[in-house]
Amino acid sequence: MNDSGALLPWLVIRQDDNGNRYRVGRYPTRAEAQKVIDSLDDRAHKQLYWVERVAQGSQATTRN
């Protein structure tokens, strides 16, 4: 699977209780990324999750 921003522009980010942030995965659509968050939210231990879109042509992301 290609991990390029053009093909997988949607990131799922997790923030733990200490404020550390981790990339959970990259997905081709926002809907697929949201499904991952929904399944993670169903687990007993709650963390903060959100979806970001990779800005084309740069390493920057925009928070949605």
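Author: Strand 1 and strand 2 (residues 21-27) run antiparallel and are joined by six bridges; strands here are DSSP runs of E with at least two residues, helices are runs of H or I with at least four, and both are numbered from the N terminus. Two strands count as paired if DSSP finds at least two bridges between them. This is a predicted model, where local features need pLDDT of at least 70 and side-chain atom pairs count only at pLDDT 80 or more, while totals for chains, interfaces and linings use all residues. Residues are numbered from 1 along each chain as its sequence is written, and side-chain values use heavy atoms, with hydrogens and water left out.

Within this pairing, Val 12 sits opposite Gly 25 of strand 2, and Arg 14 has Tyr 22 as its bridge partner. The two strands make a hairpin with five residues between them, and Gly 19 in the turn has a positive phi of about 85°.

Strand 1 also pairs with strand 3, again antiparallel and over six bridges; there, Gln 15 is bridged to Leu 48. Five of the six residues of strand 1 are buried, meaning under 20% relative accessible area with a 1.4 Å probe, protein chains only. Strand 3 has five of its seven residues buried, so it is largely enclosed by the rest of the structure.

Now for the packing. Leaving aside residues up to four places away in sequence, Tyr 49 touches Val 12, Ile 37 and Leu 40, among others, a contact being heavy atoms within 4.5 Å.

Technical notes: Buried means under 20% relative accessible area, exposed over 50%, partly exposed in between (1.4 Å probe, protein chains only).
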